[in-house]
Amino acid sequence: EPQPKRMEEVYRALKSGLDEYLEVHQTELDKLTAQLKDMKRNSRLGVLYDLDKQIKAVERYMRRLEFHISKVDELYEAYCIQRRLCDGASKMKQAFAMSPASKAARESLTEINRSYKEYTENMCTIEAELENLLGEFCIKMKGLAGFARLCPGDQYEIFMRYGRQRWKLKGKIEVNGKQSWDGEEMVFLPLIVGLISIKVTEVKGLATHILVGSVTCETKDLFAARPQVVAVDINDLGTVKLNLEITW
């Protein structure tokens, strides 16, 4: 089934993130251009050449971003058309279902059902195409924070699930308070539908795992130009937090 409400939310978040990326690079371009102008008066040719190369690289990246934004907009416009057609077919289905039965009505209903199926399939196809334009989330493990809750020698297991994507890592609290983990970072491909679920357990022995907490995290806030440090409350009281750095 297509997910138009979620599709709209992700599209808005994605657009906002892409616009922010464009803004960041425009600021950088303005700064480099101003530097180049100043340096032309009293600088060596080598420095000017390097600065010019930087400017051209930023300009190329901005053109790629603008092209990417236009592809996203084009897909979303096509999606909105299919959604309107689907809504129209749905209303016609209801109207024919309430009208007196006749051969002509049955034939029309069959045709409407065929069209409805086609529009919903088109919507699902476009959702999958937009997913391919969402980039990726690089998630870095920064460790657990637990105030008096974490003690030297404690061992923990963290399991993250995002759609069919999985990340499982084990860690230990060292004597000096530092933490050692068997995984540092993971790349998740963003999805239209689905939240990141995180489960943290304390390992007490070979077969004993005590659940510390289990939460789900919204992903649409992660479409941002700059890396974000996120502190996730793992238990209800918020005494154990999982610190992650997420770069889109």
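Trainee: Does Val24 count as buried, partly exposed or exposed, and at what relative accessibility?

Mentor: Keep in mind that this is a predicted model. The general idea is to compare a residue's relative accessible area with two cut-offs: buried means under 20%, exposed means over 50%, and partly exposed lies in between. Val24 has a relative accessibility of 25%, so Val24 counts as partly exposed.

Trainee: Which element holds Val24?

Mentor: Val24 belongs to helix H1, which covers residues 4–42.

Trainee: Which residues does Val24 contact, apart from its neighbours within four places in sequence?

Mentor: A contact here means heavy atoms within 4.5 Å. With those neighbours set aside, Val24 is in contact with Ala225 and Arg226. For another pair, take Val24 and Tyr162: they are 138 residues apart along the chain, and their C-alpha atoms are separated by 29 Å.

Trainee: What share of the contacts in the protein chain joins residues 24 or more positions apart?

Mentor: Counting contacts with a separation of 6 or more, 63% are between residues 24 or more positions apart.

Trainee: How many helices and strands does the protein chain have, and what pattern do they follow?

Mentor: There are three helices and nine strands. Along the sequence the pattern reads α-α-α-β-β-β-β-β-β-β-β-β.

Trainee: Which strands pair with strand S1, and in what sense?

Mentor: To read pairing, look at the bridges between two strands and at the sense in which the strands run. Strand S1 (residues 137–145) runs antiparallel to strand S5 (residues 185–188), and four bridges join them. In this pairing, Phe137 is opposite Phe188 of S5. S1 also pairs with strand S9 (residues 241–247), again in the antiparallel sense, over seven bridges. There, Ile139 has Ile246 of S9 as its bridge partner.

Trainee: What is the radius of gyration of the protein chain, and what would a compact globule of 248 residues have?

Mentor: The protein chain has 26 Å, whereas a compact globule of 248 residues would have a value near 18 Å. As for its extent along the principal axes, the C-alpha atoms fill a box of roughly 80 × 70 × 25 Å.

Trainee: How much of the protein chain is buried, and what is its accessible surface?

Mentor: Of the 248 residues, 37% count as buried. The accessible surface is about 15200 Å², and carbon and sulfur atoms account for 53% of that surface.

Trainee: How many positive and negative side chains are there, and how far apart are the centres of the two sets?

Mentor: The protein chain has 38 positive and 37 negative side chains. The centres of the two sets lie 1 Å apart.

Key: Residues numbered from 1 in each chain as written. Heavy atoms only, no water. Rg over C-alpha atoms; globule rule 2.2 N^0.38 Å. Buried < 20%, exposed > 50% of the residue type's maximum accessible area, 1.4 Å probe, protein only. Areas by Shrake-Rupley, 256 points an atom, 1.4 Å probe, with all protein chains shown as cover. Lys, Arg positive; Asp, Glu negative; His and termini not counted. Charge placed at Lys NZ, Arg CZ, Asp CG, Glu CD. Pairing = 2+ DSSP bridges.
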